[in-house]
Structures are given as structure tokens and as C-alpha cells.
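Subject: Structure handover

Hello,

The structure you asked for is below. My notes on it follow.

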Amino acid sequence: MNRPGAAPPQALLWSLAILMNIVWALVYPLSKELLTSFPPMGLACWRLAGAALLILPFIRVTDVAARMTSSDFRLLLTMGFIGCGLSVALQFLATPLTLASNISLIASLETLFVLARGVFVLRERIKARQWTGAILAFSGVTILTFDPRSLSVGAPDQVGGNLLMVASAFCFAVYTLAAKPLRDRWSSTVITGIPFLLAAIVVVPGYAISDPSGFTRTLGPTPDESAVVALVVASGAGCYFVWNWLLRYMSAGSLALSVYLQPVAGMLFSVWLLGEQITTTAAMGAVLIVGGVAASELPMRTRPRTAPR
């Protein structure tokens, strides 16, 4: 067994969650840039295989094999095939077919998927203020990412990419809910590394057989090797490990709420790196997002009851 000890302070947990989402916020523009050199499935192969190779040296395979139960293996298979392989592949297939703003908006649906499935599958008790905060924050994401000049989720040339992104968000919600029951029996290293390995075993050979020329391009030189390393190390192995570690101390719903912070991080990076101006609409959306997450997760103050006179 690998039971978690005393829970770290909430400030530390949320600091890590915010940092993780900042890194993930950078993935969308980074992926768009890399997809000019890589085929989508080739980039998925790099992320899956690279993350598996980074984490596996820290796993005692013999100990894992000795302790593995059939139910645990089914959950890890679900995480690997659906939450890693399918989710990552769908995300990279969707990226060149739609706008980054659409992706940020659709990815936030993952929170609602997790909250809903957490109630019906994990039997988590979701407080009314968490639902209220989630809806408020989703409204903020919609306002922040909506730009009539560039965003049209229903545009005919973007529908395919948007639907792929919805499916990717749903698959990652499945990943989160499958990981939750494993948190008391396995380390975060195992919960992160084994699914990446299972996904890579299927996706990499499958892609090599189905598209030999694309696979060859994937193995060739790239003009931006540092971006590939960042995609594999930071947003792949690193963020997934942090996500699974946080699941040991936070509910699936609470952790999923942190995903709403990605568009805010993306907006701030646009101001810092690109010199873009924050519009009034974007500022209103950011306030709604932060306010919704805070309303859901900050402890409520209760007035002490006074003794009757």
C-alpha cells in the first residue's frame, strides 16, 4: 500500500496546481508551432514515448508486477489507452484544425465532465457552491476567449477540430476519474508512468505501420528541439506527475476546477511576451474565472454560535 500521509497545506497544493496549468497554457501555441514541422501523430508519439522513458527508470517493475491486481491493471489500461493515448492524439489532431482560443474554451469542458462523472462514478459529494463556481468560471472562460473577429466555434472549417477537442477533454476526464481509486495503493510515479508506457506501446508502432513516411519525418531533425523537450518533459511527464500527486490530496472536482485558470495564464503570457493589451471583456472574464474558482474552493467563514441568554 502507498497511503498518503498528512495533507500538505492548501496553499502549496493550489500553488502547484496553478503552476501546472501555466505550463499547460503554453502547450497550445507551442503545439501549433511544432505542428508546422511534425505530423500530429508524430508529435503524440514523442510526448507519449518521451514521458514513459523519463518516468520508467524510477519505477521498480518487479515490485509493480508482484502487487498488481486485475482491477488496478484495468484502471491503468483505461488511463493509458483513453486518458493518455487517445486524449493526446485527439488534442494534436485538433490543434491545426481550429483556433487556440477555441481549444482553451473547449478544454475547460473537462471540469464539467469530471464534476458530473465524479458524482455518478466516484460518488463524490459536490457542494452547491462548487457547481456554482464551476459554472461561473466557465462563463468567464467563454467571455475571456470570445472574440467576434476571430472566434466562431460553429464555423464550418473549425467544427471537425472542435469536436476532436471535445472528445480529447472527455478522455482526460476519464483519465482523472480512473486515477483517483489508485491513489491509495500506488505512488504517483507508477500512476503516471505505466499509462504512458501502455499508450506508447500501442500508438508508436501503430503509427509507424499506418504511416511509415510520417513516422520517418518524426524521427528526423527538427528546427526547434528545445520545444520538443519542453513538450515531453514539462507538459508531459512533469505536469501529469504533478496532476496525479495532487489527486492524492484533492478531490477530482477541485483539481479539475484549476483547469479554468489556463485561459487566464494564457492571457497574461500574451501581455508579457507579445505585448498585447487586456481588453475590458477579457478582464471581466478573468475576474469571473478567478472569482468562480475562489468561491468554490476557499473555506467559508462561519459565525460562532452564541449561547442563549
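Asp-72 is buried, with a relative accessible area of 2%; buried means under 20%, exposed over 50%, and partly exposed in between, using a 1.4 Å probe and protein chains only. Its side chain meets that of Arg-185 in a salt bridge (2.6 Å, N to O). The pair links distant parts of the chain, 113 residues apart: Asp-72 is in helix α4, and Arg-185 is in the loop between α8 and α9 (188–210). Arg-185 is partly exposed, at 27% relative accessible area. A salt bridge here is a side-chain nitrogen of Lys or Arg within 4 Å of a carboxyl oxygen of Asp or Glu.

Before the rest, note that this is a predicted model: local features need pLDDT of at least 70, side-chain atom pairs count only at pLDDT 80 or more, and totals for chains, interfaces and linings use all residues. Residues are numbered from 1 along each chain as its sequence is written, and side-chain values use heavy atoms, with hydrogens and water left out.

The whole structure has two salt bridges. Besides the pair above, Asp-63 and Arg-60 meet through their side chains at 3.8 Å, N to O. Asp-63 is partly exposed at 37%, while Arg-60 is exposed at 64%.

Of its 309 residues, 46% are buried.

There is one cavity of 30 Å³ or more. A cavity is a set of points, on a 1 Å grid over the protein atoms alone, where a 1.4 Å probe fits but cannot get out; lining residues have an atom within 4 Å of a point. The volume of the largest cavity is about 240 Å³, taken as the space filled by probe spheres set on the points, which are joined across faces, edges and corners. Its lining has 16 residues, and Trp-24, Tyr-28, Gln-91, Glu-110 and Phe-172 lie nearest the centre. Helices α1 (10–34), α4 (70–94) and α8 (159–179) each supply at least two lining residues, with the largest share, four residues, coming from α8. By class, ten lining residues are nonpolar, four polar and two charged; Ala, Val, Leu, Ile, Met, Phe, Trp, Tyr, Cys and Pro count as nonpolar, Asp, Glu, Lys and Arg as charged, and the others, Gly among them, as polar.

Regards

Conventions: 1 Å grid on protein atoms, 1.4 Å probe; cavity = no way out; pocket = protein on both sides within 12 Å on 5 of 7 lines; lining within 4 Å.
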